[in-house]
Amino acid sequence: MTTSTISLKTFLAAAKDALAAPRAQRSLPLTFVVGNESADLDSLCSAVVLAYIRSHIAPRRLHIPLSNLPREDLAMRIELGPVLAKADLDDSDLITLSELPQDLDPKDTEWVLVDHNVLTGDLRRYESRVISCIDHHVDEGVISMQAAPRVIETCGSCMSLVVDTYADAWRSLAHGNESPVTTNSISKDLNQLAQVALAPILIDTINMTASAKIRPKDSRAAKLLETELMHSAGFDQTAYFDDITAAKEDLSQLSLRDILRKDYKEWEHGGIKLGISCAVQDFDFFLGKASSTSAEGGEDVMLQALRAWAQEQKLDVVSIMTTSNPGGQFQRHLLVWGVTGAGKKAVKKFREDTTEKLKLEPWNGGNLDEPESRHAWRQLALDSSRKQVAPLLRDAMKWASANL
């Protein structure tokens, strides 16, 4: 299909129609583009933009962008609101796991991974059908070297890798003469695409100010998008960033359980399972939220909610990572809790190996700690996000599984 002539809304509608068609009428294989299971802004937007771009490239094949979460969980992605509005979209335009056909046979599919390099959960059954990957996390060595493209490298935002990898296709969309549509209509569609693409880059690089995170491809991608946004009269990048940030940080309407599952990833090794929840509010917020829902006391309620979440997900190690800006000072908090015997061994090893590396200091006098099993820290190594901390926890899990 020629995506240079249609809006994102029309493109997503075409993808929905292709997915909803009876099996006998589908154009096989169905090609999906999917982000990771935390379904954060980078994953959700990267899947949409990459699917749109790849659908434009010859040989033209419709790529279906898949949001890696159930339909009902989209409501928790409040930060999507300002981004979708820029493209005249809303949640209902996106395709989620809830829309995957029950009769979908792996051999009738192809998968493009973005913002992760290993399929997880129910999607693991399609692992052998992965044909391409663009990611900025640690390479877990699962994606074939024959995948095309296979881009797995450090970058502030995965979207930057998407934009940079397909920079020529982007320029073709902007300047190609493939149809007799008016320049104005092409510009409007491209402006919408560019603003959706720019959102996660701004969020992941703190409006292009986080020098420790920004890589050359972040800068190149932002410049390319901003060049195309020149057609958008009155576009205010800082106001856009502020709107998305305000929505992202508003967790006031979510329960503790919803906050834990909003930005969540899990891994398993040697029979030990790890889950990490990320939140854009600190432990003081968690305790305040817990206190407002029960008279038992914030610490007890928070820990009860965390234990219940660990039990629900069948975790051996449960972790919370937070980012916040109290008084304009950027901070990270980290909690790790070994809730089983194997999990406790992994947490002990993690503490021994990484306290100095991550510059960990007991949070609030250690009042959330439990000897040998649970630790809450202020993490002074501010450049280490989940992308860096998760591999360290997985290394501790590998050691623990080998020493059970």
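Reader: In the hairpin of β6 and β7, which residue takes a positive phi?

Author: Gly 270 does, with a phi near 55°. The hairpin has 2 residues between its strands. Strands (E, at least two residues) and helices (H or I, at least four) are DSSP runs, numbered from the N terminus. This is a predicted model: local features need pLDDT of at least 70, side-chain atom pairs count only at pLDDT 80 or more, and totals for chains, interfaces and linings use all residues. Residues are numbered from 1 along each chain as its sequence is written, and side-chain values use heavy atoms, with hydrogens and water left out.

Reader: How many bridges join strand β6 to strand β7?

Author: Two strands pair if DSSP finds at least two bridges between them. Here β6 (264-269) and β7 (272-279) run antiparallel and are joined by 6 bridges. Tyr 264 stands opposite Ser 277 of β7. Glu 266 has Gly 275 as its bridge partner.

Reader: What order do the strands take in the open sheet of 6 strands?

Author: A general point on strands comes before the case. In a regular strand, side chains alternate between the two faces of the sheet. The order here is β6-β7-β8-β9-β11-β10, and the pairing is mixed. β6 and β10 (360-362) are the edges; each has a single partner strand, so one side of each lacks a neighbour in the sheet. From one strand to the next, the twist averages 25°.

Reader: Which strands does helix α12 lie across?

Author: Helix α12 (341-354) lies across β7, β8 (317-324), β9 (331-338), β10 and β11 (374-379). Its direction runs at about 145° to β9. For such angles, axes are lines fitted to C-alpha atoms, for helices over the stretch in contact, and the range is 0 to 180 degrees between N-to-C directions. Contact means heavy atoms within 4.5 Å.

Reader: What is the order of the open sheet of 5 strands?

Author: It is β2-β1-β3-β4-β5, with parallel pairing. The edge strands β2 (63-66) and β5 (150-152) each pair on one side only. The strand-to-strand twist averages 25°. β4 (130-135) and β5 pair in the parallel sense over 3 bridges. There, Cys 133 stands opposite Arg 150 in β5.

Reader: And the helices on that sheet?

Author: Helix α1 (8-20) packs on it, touching β1 (30-34) and β2, with a direction at about 95° to that of β2. α2 packs on it too, touching β1, β2, β3 (109-114) and β4. The direction of α2 makes about 175° with that of β2.

Reader: How do I read a helix pair? At what angle do the axes of α2 and α4 cross?

Author: Two packed helices are described by the angle between their axes and the distance between those axes. The axes of α2 (41-56) and α4 (158-165) come within 9 Å and cross at roughly 15°. That makes α2 roughly parallel to α4. The cut-offs are under 35 degrees for roughly parallel, over 145 for roughly antiparallel, 65 to 115 for roughly perpendicular, and oblique for the rest. The crossing is left-handed: the near helix is turned anticlockwise from the far one by less than a right angle, whereas clockwise would be right-handed.

Reader: Which residues of α2 and α4 meet?

Author: Asp 42, Cys 45, Ser 46, Val 49 and Leu 50 of α2 meet Cys 158, Met 159 and Val 162 of α4. By class, this contact has 6 nonpolar, 1 polar and 1 charged residues. Ala, Val, Leu, Ile, Met, Phe, Trp, Tyr, Cys and Pro count as nonpolar, Asp, Glu, Lys and Arg as charged, and the others, including Gly, as polar.

Reader: What angle do α2 and helix α5 make?

Author: About 75°, with axes 10 Å apart; α5 spans 167-175. That makes α2 roughly perpendicular to α5. Val 49, Tyr 52, Ile 53 and His 56 of α2 meet Ala 169, Trp 170, Ser 172 and Leu 173 of α5. The contact divides into 6 nonpolar, 2 polar and no charged residues.

Reader: How far apart are the axes of α4 and helix α7?

Author: They are 8 Å apart, and α4 packs on α7 (216-228) at about 65°. That makes the two helices α4 and α7 roughly perpendicular. α4 passes α7 in a left-handed crossing. Ser 160, Leu 161, Val 163 and Asp 164 of α4 meet Lys 217, Asp 218, Arg 220, Ala 221, Leu 224 and Leu 225 of α7. By class, that contact has 5 nonpolar, 1 polar and 4 charged residues.

Reader: Which domains does the domain assignment give?

Author: Domain 1 (8-246) and domain 2 (256-402). The bounds come from an automatic or database domain assignment. Their C-alpha centres lie 30 Å apart. In contact are 16 residues of domain 1 and 13 residues of domain 2.
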